[in-house]
Amino acid sequence: MSIRRHPATAATPPARPLASGDALVLEGVTRVFGALRAVDNVSLAVVAGQKYAVLGSNGAGKTTLFNTITGDFPPTAGTIRFFGEDITALPPHERIRKGLRRTYQSSLLFRELTVRDNLFLAVRGVASGRFSPRRAGAAHPSTLATQELLERARLSHLANEVVANLAYGQQRQLEIGMALAGAPRLILFDEPAAGLSPVERRELVILLQSLPTHMGFVLIEHDLDIALRVTEKVTVMHNGRVLKTGTPAEIEADAEVQAIYMGSHH
């Protein structure tokens with residue numbers, strides 16, 4: 001990707017009061033591991049339905065930030081609000097119940113089961129009555145929801161394929177499909193393009209662009225071409241802190257971002 005230089009830079013916005021349309025608000029979020037401040041006083045806001053990217057080089061704090069949002073590593077300081085509710089101290093399963101979903105860099109699929117079975121388990125895992133011993137029939141809501149996810153993840157033609165036989169990119173598609181189970185309110189995608197071939201990356205872009213407009217997501221990604229094509233707003237992190245926030249065009253053109261984040265790549 002070519003980076004165009006312009007004199008204007010994207011200023012980092014100050015923290016703002018909670019608005020009615022905010023899906024996720026972080027205020028002064030910090031995560032400390034001993035002497036290391038992996039995430040340092042991060043504040044940002046994601047509007048409901050917004051497609052948002054968090055960029056940064058290795059060690060910038062992106063994945064640790066995701067872990068604070070999902071509850072895997074609760075923040076040492078700061079506040080996290082999800083659709084107006086303070087979830088800072090909630091365990092991960094409670095955040096899932098409230099509509100927060102996440103994919104991981106490492107695959108968490110059931111490799112010996114089929115694509116359809118993996119999606120069905122994801123649907124049942126967030127459904128009421130998920131422990132019912134009765135087998136779901138063809139007209140059962142969970143069965144219908146599974147079929148919808150197959151289509152949304154663009155995997156209908158592989159519904160009965162064992163996951164272990166899938167190409168790597170298809171497995172990442174499946175992970176996204178599983179994250180879509182149960183009508184999530186916001187999804188966190190942790191480097192979904194990592195390890196994908198050029199063809200698989202194009203398929204990923206199509207999949208992310210096809211998500212419903214009301215379904216927001218936050219994407220952390222090293223592939224700038226993907227991140228800037230599928231999102232509306234971007235935050236760049238450096239050394240655990242927010243460096244810049246702006247539109248994809250502003251971030252692409254920002255000289256400081258080029259020097260600190262993209263200098264070794266362009």
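**Briefing: the H5–H6 helix contact and its setting**

In this predicted model, Tyr168, Gly169, Gln173 and Ile176 of helix H5 meet Glu200, Glu203, Leu204, Leu207 and Leu208 of helix H6, where contact means heavy atoms within 4.5 Å. By class, this contact has five nonpolar, two polar and two charged residues. Local features need pLDDT of at least 70, side-chain atom pairs count only at pLDDT 80 or more, and totals for chains, interfaces and linings use all residues. Residues are numbered from 1 along each chain as its sequence is written, and side-chain values use heavy atoms, with hydrogens and water left out.

**Geometry of H5 and H6**
- The axes of H5 (residues 168-179) and H6 (residues 198-209) come within 10 Å and cross at roughly 15°.
- H5 and H6 are therefore roughly parallel to each other (angles under 35 degrees).
- The crossing of H5 past H6 is right-handed (the near helix is turned clockwise from the far one by less than a right angle).

**The chain as a whole**
- The protein chain has nine helices and 10 strands, taken as DSSP runs (helices H or I, at least four residues; strands E, at least two).
- Of the 266 residues, 48% are buried (under 20% relative accessible area, 1.4 Å probe, protein chains only).
- Among contacts between residues at least 6 apart in sequence, 68% join residues at least 24 apart.

**Asn67**
- Asn67 lies in helix H1 (residues 62-70), and its 9% relative accessibility is why Asn67 counts as buried.
- Leaving aside residues up to four places away in sequence, Asn67 touches Asp72, Phe73 and Arg102.

Definitions and conventions:
Axes are lines fitted to C-alpha atoms, for helices over the stretch in contact, and angles run from 0 to 180 degrees between N-to-C directions. Angles under 35 degrees count as roughly parallel, over 145 as roughly antiparallel, 65 to 115 as roughly perpendicular and the rest as oblique. Ala, Val, Leu, Ile, Met, Phe, Trp, Tyr, Cys and Pro count as nonpolar, Asp, Glu, Lys and Arg as charged, and the others, Gly among them, as polar. Buried means under 20% relative accessible area, exposed over 50%, partly exposed in between (1.4 Å probe, protein chains only).
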